[in-house]
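Here's a quick tour in questions and answers for anyone meeting this structure for the first time. Have a look, then read on.

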Amino acid sequence: MKRSNCFAVFFAVVGLFAGKVGATVTLLSPAVSLSPDVSMQAASQSDEASQPRLVRVQTEDVTLALLCEPDGRLSFAYFGPTFSGDEALIARRYIGRPDAFEDMRPSAYLAYGGRNYLEPALKVVHADGSQTVELVVEGVETESLDSNRERTVVRMRDKLYPMSVELIYTAYRAENVITQQVCVHNEARGKRPIELENVYSAYMPVMAPSYYLTHFYGTWAHEMQLVEERLTPGVKTIESRKGVRTTQSENPSFLLSTGAPARADEGEVIAGALAWSGNYKLSFELDESGRLNVLGGVNPFGSRYRLETGDSFTTPEMIWSYSASGYGLAARQLHDWTRQYALHDGETVNSVVLNSWEGAYFNFDEATICRMIDDAASMGVETFVLDDGWFGNNYPRNDDRAGLGDWQVNRQKLPGGIDSLARYAVSKGLRFGIWIEPEMVNPASDLAQAHPDWVVKSPGREVPTMRNQWLLDLTNPEVQDFVVETFRNTVGLSSSISYIKWDANRHVESMGSEYLPEDRQSHFWIDYTRGLYSVYERIRKEFPDIEIQLCSSGGGRLDYGALQYHDEFWTSDDTDAYERIKMQFATNLIYPAEATAAHVSIVPNHQTGDRAPLKLRFDVAMMGRLGLELQPRHLTDEEFAFARRAVETYKDIRPVIQLGDLYPLRSPYEPGDWCARMFVSKDKSRAVFFAFSLDYHDRMASTDFKLQGLDPERRYKVTELNSAGSDTFWGNGQTFTGDYLMRVGVNPWLQRRGASTVLLLEVQP
Ligand code: GLA
């Protein structure tokens, strides 16, 4: 590959997010070349040689500034709110550094070598065994991709070795989001391979009196649990070594607050997320000078990657959202960006789904499914999804011990095939969807017998099963073709299929690939994920109109790398409303509610055994993409009628929930045992407020929730929704100014554990 291949890969990534690239490249020369904007700042030709030059990556309200130093180094100058007079950054000195850093600005991309002793963003082993890198800037290119996006590429090269590095920044003006990725190129003239050890997508130095890190941990059925901690000197890492279901222990995203714990509507917050569905690492190293060194990228763990001469390696993107007004704004910016650039069909509202899993599990026949479709239709549901259990003949899929890999309709359960069911759903006014888990195989299957070489395994060792299944080796192009064919054949079962639930219920253990050569085994972790993306890419090209749910034992693959190919994600197999209040609150600090599948299930809950009231279950699920995960016949007539009304109500308010702005008013993770959130339409004409009591509040006075995001000048009529008997808010039906609602607030009567309220606010003419 030539150097320009870095750009080829880059264009592919940008093209994917944007759909189109309107490129006007400004190529600048000579050796240290700058954008027109940058060159204008140079005081004079003579100053130029001795002065650093400022490079701005600029959104509407946020600036990321870099400095090309006179000696060729690239330093980091600033990340924060845009301000006037930023040329002063050029002269700014760093005083009081420990010896090694004296008078040195932090590097914009820390390589191992020179005076750096921190965890490096870049570490390579050159062909002669040397492990150091010293990068100097060769040029800076800016390109306007369209009216909202500008790309800046800083081209650098090692002082000694034939290796070049591009730092690629994309600024999304309106959303105040900046993405960063890196491309390393082993130049052909070197004639020898290099080994990549660390190639992080981004390095970000932060200087503040104190640092508070919020991150999201969890396990199966307990994903996205928020924890906030003050960082102390040393290194804190969040990472995955699971290959698949990488986000089921820690999500590759975080909020970093400086000076004080993160607040919803004030204080500096940097949100970061990595777009990668394989092993990742986010590292926060608080050094002896008090600086926090943040790294985000592919996990170097066991992933030494050989780069042949002429080849390039492009990292996934690290996504940054900066807010000077708390985590609420950081989240809203990310949501806007996601809807436009990182979610398939992100700007249209999603339908209400009934999924068969918790209602039927593996135990169904045609009559069961048709009855569920009938009931779903009369409840107002818009999409029916047939989950696991519909396939396998020699090894019928009647439980999770057999059949995975044999994607033919089970003739005994469904003699009429899928087409008749799908057409039946469509005849009742519903769309039809179906479940697949194409990366996996049960040992008890025709596929496992035909292709033992396709299974991920360490040669000569026992292959451990998890949920009775093995993982297929997506580094192998034949396996990639099989997965694409499985998708194609499944969609081909009926022209009435318009939705696929894509599952992945195990991670990598005892890693090894029969496809990769002996000296490339360490490429497995990266090549598996690349194989997956190449499959997604092909599928999205061939099936742009199929809705795809991202599921991996629930939220095991929730990251921006996978999300861009999907329409929504299955947040968790835990459908308990009490649990979901917390989980959805945390999830939506990064990922938008529109894509957050939230299904009402039966009580006692199948995971926790809890008995949340039906109103609570609906109120919670209505804060995401509402769906149901139950056998409608298990509801009483009264419950069924409530559900039908709630589904109707949701259809009315869903544009506000799915496409509006989210204000996280009261965190369920803070003391007080409340949760309150609201969604406001972009034009501020409608809003929906949700509040929950997480504990018994005895005779305590009711609490005031001050609303946000409304127009203070206008009057809003308040209507209580999903009422189950008596109203919770005395002001139901009354009209208030936006100013009153934001300064005084609303105080619904929520005394008991599980009490909840939903208020619709509509601007009055
Ligand atoms: C996973 C998913 C569930 C369901 C089952 C089917 O656990 O998260 O929603 O699809 O698989 O086996």
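Q: At what angle do helix 13 and helix 14 pack?
A: Keep in mind that this is a predicted model. Two packed helices are described by the angle between their axes and the distance between the axes. Here helix 13 covers residues 577–587 and helix 14 covers residues 614–621, with axes 9 Å apart. The angle comes out at about 20 degrees.

Q: Are helix 13 and helix 14 roughly parallel or roughly antiparallel to each other?
A: Angles under 35 degrees count as roughly parallel, and this pair packs at about 20 degrees. As for handedness, the crossing of the two is left-handed. So helix 13 and helix 14 are roughly parallel.

Q: Which side chain has an N or O atom 2.7 Å from an oxygen atom of the ligand?
A: Thirteen residues surround the ligand, with Asp387, Asp388, Lys501, Asp503 and Asp573 the closest. Arginine 467 puts a polar side-chain atom 2.9 Å from a ligand oxygen, and glycine 554 has a backbone N or O atom 3.0 Å from one. The protein covers 97% of the 310 Å² of accessible area the ligand has on its own. The side chain at 2.7 Å belongs to lysine 501.

Q: Is the peptide bond from valine 603 to proline 604 cis or trans?
A: Most peptide bonds are trans. Proline 604 sits in the loop between strand 29 (596–600) and helix 14. With omega near -5 degrees, the bond from valine 603 to proline 604 is cis.

Technical notes
Residues numbered from 1 in each chain as written. Predicted model: local features only at pLDDT ≥ 70, side-chain atom pairs only at ≥ 80, totals over all residues. Heavy atoms only, no water. Near = heavy atom within 4 Å. Polar contact = N/O pair within 3.5 Å; in protein donor to acceptor, adjacent residues only side chain to side chain. Areas by Shrake-Rupley, 256 points an atom, 1.4 Å probe, with all protein chains shown as cover. Axes fitted to C-alpha atoms, helices over the stretch in contact; angles between N-to-C directions. Helix = DSSP H or I, 4+ residues; strand = E, 2+ residues; numbered from the N terminus. Parallel < 35°, antiparallel > 145°, perpendicular 65-115°, else oblique. Left-handed = near helix turned anticlockwise from the far one by under 90°.
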